[in-house]
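User: I would like to learn how to read the features of a structure one at a time. Please give the general idea of each, then the case at hand.

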Amino acid sequence: MKSQKLVVFLIAALALIALPLVAQQFGQGWVRIMAIALLYVMLALGLNIVVGYAGLLDLGYVAFYAVGAYMFALMASPHLFETFEWIAAAFPNGLHTPIWVVVPLAAFLAAIAGILLGMPVLKLRGDYLAIVTLGFGEIIRVFMNNLEHPVNITNGPRGLDRIDPMTIFGFSFGRPLDIGDFRIPSVTLYYWLFLVLVVFSVVICYRLERSRIGRAWMAIREDEIAAKAMGINTRNMKLLAFAMGATFGGVSGAMFAAFQGFVSPESFSLMESIMIVAMVVLGGIGHLPGVILGALLLAALPEVLRYVAGPLQELSGGRLDAAILRQLLVALAMISIMLLRPRGLWPSPEHGKAAPAPVR
């Protein structure tokens with residue numbers, strides 16, 4: 001049985017590695033869609049810790065995504081060096097931070113932001129918690145939009161550009177890799193990088209789910225009063241859930257900034273938070289395979305429907321806006337799935353095990 005599972009995992013790993021090499025034959029746009037989908041998988045896995053495991057409805061999760069993105073953008077773009085002379089004098093050659101510094105730093109800063117969000121809302125539940133976290137996400141976006149006066153830190157609504165690509169051991173993911181006559185584009189290299197991070201994130205979530213911390217989160221989700229009566233420190237567990245979930249968002253944001261080469265406040269709107277929550281709910285709250293499936297579907301579906309909305313717009317003589325039509329198709333698909341599968345596409349199995357059969 002174990003050997004069969006190992007063979008399945010190896011086949012799946014080879015398929016995921018070879019997928020962009022096949023997709024790039026049809027255009028790099030398809031590989032880009034897959035790379036962005038992997039970033040959303042990381043975001044959905046992080047939010048699943050907060051919503052799926054601990055049962056805390058967080059509608060401001062995109063704030064941690066923004067923290068990671070702006071952290072890397074400020075470190076890897078010339079904006080700070082052009083604005084502050086003392087930074088340019090201290091680092092005449094720029095920072096050019098390698099990936100093994102970027103990932104822990106993005107995770108740490110996002111975790112601090114998660115704790116800052118969690119501390120004031122520990123006693124809130126349900127709709128009240130959702131409203132406060134929603135406000136936190138909007139506050140971060142407004143800050144990023146206005147932190148250009150009196151000192152220009154984020155460059156306001158114009159955003160930050162000229163961001164360095166991710167590097168590891170001097171190798172830049174922003175340049176294509178030539179192996180003989182075969183060229184691997186930069187977007188494919190980023191896809192492989194994101195795939196490694198997603199696999200690492202899945203392993204962390206899997207271990208957390210089966211640890212004492214994961215069981216404590218689920219106890220709080222089911223009945224907080226009973227969990228407190230059993231000796232669980234619900235305050236610390238909630239703060240840990242916010243911090244752990246935020247780390248995934250921070251790392252995803254740093255990767256997004258390196259991948260895009262540009263960040264602006266418009267990339268971190270409320271709609272992004274709602275989409276991430278929808279990924280978790282659509283796939284199956286608290287179930288890792290379901291969350292991954294939901295993230296892949298909702299991240300890739302709007303991009304794929306671009307190719308459907310265009311011909312439909314032409315059939316209507318241009319009377320339908322392609323962007324609005326694409327949103328309508330996504331909404332119809334989500335409504336259909338939720339009507340047919342109210343617990344999600346791949347829900348978690350029911351709690352507990354079946355009673356043993358009586359021995360005769």
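User: Which residues of helix 9 are buried?

Analyst: Buried means under 20% relative accessible area, exposed over 50%, and partly exposed in between (1.4 Å probe, protein chains only). Helices (H or I, at least four residues) and strands (E, at least two) are DSSP runs, numbered from the N terminus. In helix 9, which covers residues 212–222, the buried ones are Gly-214, Ala-216, Trp-217, Met-218 and Ile-220. This is a predicted model: local features need pLDDT of at least 70, side-chain atom pairs count only at pLDDT 80 or more, and totals for chains, interfaces and linings use all residues. Residues are numbered from 1 along each chain as its sequence is written, and side-chain values use heavy atoms, with hydrogens and water left out.

User: What do the buried residues of helix 9 pack against?

Analyst: A contact means heavy atoms within 4.5 Å. The buried residues of helix 9 pack against helix 2 (28–53), helix 8 (186–209), helix 10 (224–229) and helix 11 (234–260).

User: Where is Phe-256, and which residues is Phe-256 in contact with, leaving aside neighbours within four places in sequence?

Analyst: Phe-256 sits in helix 11 and counts as buried because its relative accessibility is 9%. With those neighbours left aside, Phe-256 is in contact with Leu-39, Tyr-65, Val-263, Ser-267 and Phe-268. As for distance, the C-alpha atoms of Phe-256 and Pro-342 are separated by 32 Å, and the two residues are 86 residues apart along the chain.

User: How many helices and strands does the protein have?

Analyst: The protein has 15 helices and four strands. Its radius of gyration is 22 Å, close to the 21 Å that the globule rule gives for 360 residues, so the protein is as compact as a globular protein of that length. The radius is taken over C-alpha atoms, and the globule rule is 2.2 Å times the number of residues to the power 0.38. Along the principal axes, the C-alpha atoms fill a box of roughly 80 × 50 × 50 Å. Buried residues make up 45% of the 360 residues. Of the contacts with a separation of 6 or more, 74% are between residues 24 or more positions apart.

User: How should I read a salt bridge, and how many does the structure hold?

Analyst: Side chains of opposite charge can pair when their charged atoms come close. The criterion is a side-chain nitrogen of Lys or Arg within 4 Å of a carboxyl oxygen of Asp or Glu. The structure holds nine salt bridges. One of them joins Arg-125 to Glu-224, with the closest N and O atoms 3.3 Å apart. This pair links distant parts of the chain, 99 residues apart: Arg-125 is in the loop between helix 6 and helix 7 (126–146), and Glu-224 is in helix 10. Glu-224 is buried, with a relative accessible area of 14%.

User: Which residues are linked in a network of salt bridges?

Analyst: The network consists of Glu-82, Asp-161 and Arg-162. Within it, Arg-162 pairs with Asp-161, the closest N and O atoms being 3.6 Å apart. Asp-161 counts as partly exposed because its relative accessibility is 39%.

User: Which backbone angles deserve a look?

Analyst: Most residues other than glycine have a negative phi, and most peptide bonds are trans. Arg-162 has a positive phi of about 55° although it is not a glycine, and it is found in the loop between helix 7 and strand 1. Phe-169 also has a positive phi, of about 50°. Phe-169 lies in the loop between strand 1 and strand 2 (171–172) and is exposed, with a relative accessible area of 73%. The peptide bond from His-149 to Pro-150 is cis, with omega near 0°; Pro-150 is found in the loop between helix 7 and strand 1 (167–168).

User: Is His-79 buried or exposed?

Analyst: His-79, in helix 4 (residues 79–83), is buried, with a relative accessible area of 9%. Not counting residues up to four places away in sequence, His-79 touches Leu-74, Asn-152, Ile-153, Thr-154, Asn-155 and Leu-160.
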